[in-house]
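The following questions and answers concern the structure shown below, which is a predicted model. Each answer should be read alongside the coordinates.

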Amino acid sequence: MTGEPARRRDVANAGAHWIAGAHHTPDTVWGEWDGPLGVALVPAGRAWDAVAMPYDRLLAVMADMGPLAWKHRPVLVDLSSGRTYVLVPTGTAETWQESGTTPIGDGFWLVMSRPGGVRESRVGHWVNPPGLLTRLADPAELSASLRRTASDDHRNSEEAF
């Protein structure tokens, strides 16, 4: 931890340290957060995998599961593309098969803003930032909710005709 960026680190920001720790060289993440774009490329498959889905799909799943299911569970959004990323345990991407979603695991990277940071970005924006009590989303619960809301979406589209 040398240089100007290291001095500006928020030592109390557990979520930022957790995300930076997912990188082989955490100093790289801190440096990117302090850079002109304010976002960093962070590898999946080390501390977490992710499940990507459209933003409206996430809203349906969040409503289905209820607010307590999302407490302390990190969710990232790319507002420019409308994609969201729910962080799940490592290894989830290897077996994930829910339609309408994309598993993100080892070999993939996500753009992330600094959790709890003051700079806002349209990409890598936290819907639910990680923090001191971070827990990853349960893949089985997420999968079940995706299936329930998919059948609801199907019923709603049939009723429209």
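Q: Which residue in the turn of the hairpin formed by β3 and β4 has a positive phi?
A: Strands β3 and β4 form a hairpin, with four residues between them. Within that turn, a positive phi of about 80° belongs to Gly 82.

Q: How many bridges join β3 to β4?
A: Strand β3 covers residues 75-78 and runs antiparallel to β4. In this pairing Val 75 stands opposite Val 86 of β4. The number of bridges joining β3 to β4 is four.

Q: Which residue of β4 stands opposite Met 53?
A: Strand β2 (residues 49-54) is joined to β4 by six bridges, and the two run antiparallel. Opposite Met 53, the residue found in β4 is Thr 84.

Q: Is strand β4 largely enclosed or open, and how many of its residues are buried?
A: Strand β4 comprises the six residues 83-88. Buried here means under 20% relative accessible area. Strand β4 is largely enclosed by the rest of the structure, because the number of its residues that are buried is five.

Q: What is the order of the strands in the open sheet of five strands?
A: The edge strands are β5 (102-104) and β7 (125-128), each of which pairs on one side only. Neighbouring strands are turned by 30° against each other on average, direction ignored. With antiparallel pairing, the order is β5-β2-β4-β3-β7.

Q: What angle does the direction of α4 make with that of β2?
A: Helix α4 packs on the sheet. Its contacts there are with β2, β3, β4 and β7. The direction of α4 makes with that of β2 an angle of about 105°.

Q: Within what arc do the buried residues of α4 fall?
A: In helix α4 (residues 55-65), the buried residues include Arg 57, Leu 58, Val 61 and Met 62. On the other side of this helix, Asp 56 and Ala 63 are exposed. Seen down the axis of α4, the buried residues line one face of the helix, because they fall within an arc of 135°.

Q: How many residues has the largest nonpolar core?
A: Those with the most contacts inside this core are Ile 19, Trp 33, Val 42, Trp 48, Leu 110 and Met 112. Elements that each supply at least two of its residues include α2 (14-20), α3 (26-34) and β6 (109-113). Apart from it lies another core, of 14 residues, among them Met 53 and Val 86. The number of residues in the largest nonpolar core is 20.

Technical notes. Residues numbered from 1 in each chain as written. Predicted model: local features only at pLDDT ≥ 70, side-chain atom pairs only at ≥ 80, totals over all residues. Heavy atoms only, no water. Buried < 20%, exposed > 50% of the residue type's maximum accessible area, 1.4 Å probe, protein only. Pairing = 2+ DSSP bridges. Core = buried A, V, L, I, M, F, W, Y, C linked by side-chain atoms within 4.5 Å. Arc of directions from axis to C-beta. Axes fitted to C-alpha atoms, helices over the stretch in contact; angles between N-to-C directions. Contact = heavy atoms within 4.5 Å.
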